[in-house]
Amino acid sequence: MRKVQLTETVLRDANQSLMATRLPYADYADILPVMDQAGYYSIECWGGATFDSCLRYLHEDPWERLRKLRKNLPHNKLQMLLRGQNLLGYKHYHDDVVEKFIELSIKNGIDVIRIFDALNDFRNLETALNATMKYATPNTIASGCISYTQSPVHTVNKYIQMCKELKRMGFQTICLKDMAGTMTPYEAEHLIKGIKDALGDMPLILHTHSTTGMAYMTLTKAIESGIDVIDTAASCFSGGTSQPATETMFYALQQYGIETGLNEELINQVNDYFKPIKQKYVDNGMINPKSLSTDAQALVYKVPGGMLSNMIANLTDMKAMDKFEQALAEIPAVRKDLGYPPLVTPLSQMVGNQAVTNVLLGERYKQISKEVKNYIKGEYGIAPAPVAPELLEKVLGENGEPVDCRIEDQNRTGIEFQEAAEALGDLARSEEDIMSYICYPDQTLQFLKDRKAQEENEATYTIEAM
Ligand code: CO
């Protein structure tokens with residue numbers, strides 16, 4: 001019997017997409033024993049924005065959260081999302097920092113590490129992959145992830161080549177990550193059939209979002225075309241900018257006669273548990289009803305929803321909304337000049353802002369942002385297609401060359417592990433504390449100071465009580 005398994009995203013992506021990752025551990029602690037038995041392929045619960053949100057808003061130690069998840073989910077694979085050499089942020093870290101981060105993630109309980117690069121420059125996945133293999137337990141899975149986008153250079157053939165490359169590198173599974181939810185059923189069919197034909201038994205995963213309303217149709221076609229794993233969220237946390245619903249896909253797959261390994265009663269229990277939690281965040285405004293509905297704009301304008309709202313906000317600020325249509329029309333031109341980068345953070349904002357600048361100044365590239373300049377210099381990695389020659393010359397000068405190897409190999413700026421340890425002094429109690437500081441210095445410093453103050457308070461209280 002054929003099998004399609006489901007990754008449950010309520011603890012990470014669904015929570016990140018619908019409520020800016022503000023779900024505290026305490027809200028879901030009680031349902032973990034049920035989730036543990038539900039039969040998911042994996043539970044996505046860490047990485048992405050959870051780390052930053054823990055430190056910045058929830059006063060939780062992200063590593064402590066991971067250890068608690070591990071303890072209460074002993075039978076399920078714990079999954080995280082990692083931005084290759086950027087770890088959880090947008091800047092490049094040193095190889096030794098990346099390696100240490102992976103070592104600690106596995107040590108504290110992560111099984112599946114899904115690793116991607118915004119530009120699909122796979123050199124940026126290498127260090128993370130090698131570290132994952134180095135510290136792997138029998139449960140560890142290194143999953144190579146492709147940022148899916150549509151453009152004239154992103155053909156089925158190109159994606160098949162990317163998959164072959166990920167397989168050659170040593171990844172154990174491959175994930176197609178459609179962050180904007182713009183993959184159509186037709187594209188899913190051609191892509192997945194093509195990849196399955198070329199790669200044989202390499203497990204293939206589809207991650208998409210319901211944003212544009214395509215997702216259920218796309219997943220249907222993906223299932224018919226041979227997908228092995230799909231990402232879904234407990235139904236009350238599904239839809240809109242989140243994933244399609246776990247239970248819905250379970251019932252649909254059942255009718256196909258496809259085994260999911262899910263326990264029907266338990267996945268429904270999980271959803272029942274989250275219903276009042278979701279209601280609480282709808283009532284207090286943390287979940288914006290807009291994020292729960294379908295928005296087909298991304299299909300109309302060929303740009304992700306977040307990029308569009310960012311652009312509208314910028315133009316409104318500058319009292320230039322009358323230039324909206326013009327700026328929108330400028331986006332494809334800028335994207336083409338930059339070699340068709342996938343429109344994912346931070347590239348989507350960079351392309352959008354440059355399009356707005358071009359239109360407002362009435363001249364293309366009269367002003368180029370520092371970020372776009374760095375991109376053209378090659379600091380983000382290799383663009384999917386060549387950058388326009390005039391733009392290259394404008395930024396690099398006549399004989400300038402873009403950086404053609406990884407930044408790591410070029411210079412060693414930025415904070416090192418030892419430096420971070422010294423900066424923290426006795427505030428740091430563990431390597432995990434130091435790693436948090438490297439990733440998010442300001443938030444971690446505040447968090448560690450608060451922790452220390454709280455401990456001193458408690459100590460005083462205990463003495464007095466005695
Ligand atoms: Co996602």
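This is a predicted model: local features need pLDDT of at least 70, side-chain atom pairs count only at pLDDT 80 or more; totals for chains, interfaces and linings use all residues.
1. A residue is called buried here when its relative accessible area is under 20%, exposed when over 50%, and partly exposed in between (1.4 Å probe, protein chains only).

2. Residues are numbered from 1 along each chain as its sequence is written, and side-chain values use heavy atoms, with hydrogens and water left out.

3. Back to aspartate 27, which sits in helix α2 (residues 25-28); helices (H or I, at least four residues) and strands (E, at least two) are DSSP runs, numbered from the N terminus. Its side chain makes a polar contact of 2.6 Å with that of tyrosine 281. Such a contact is a pair of N or O atoms within 3.5 Å; within protein, one must be able to donate a hydrogen and the other to accept it, and residues adjacent in sequence count only if both atoms are side-chain atoms.

4. Do look at strand β6 (residues 173-178): 6 of its 6 residues are buried, so the strand is largely enclosed by the rest of the structure. Thr173, Cys175 and Lys177 point one way, and Ile174, Leu176 and Asp178 the other. Strand β5 (residues 141-147) pairs with β6 in the parallel sense over 5 bridges, where pairing takes at least two DSSP bridges. Serine 143 has threonine 173 of β6 as its bridge partner.

5. In the largest nonpolar core, of 100 residues, Leu11, Met35, Leu82, Phe101 and Phe274 touch the most other members. A second, separate core of 34 residues includes Leu119 and Val303. A nonpolar core is a set of buried Ala, Val, Leu, Ile, Met, Phe, Trp, Tyr and Cys residues joined through side-chain atoms within 4.5 Å.

6. Finally, the cysteines: with a disulfide taken as a pair of cysteine sulfur atoms within 2.5 Å, the count is 0. The sulfur of cysteine 54 has its closest cysteine sulfur, in cysteine 45, 11 Å away, which is too far for a bond.
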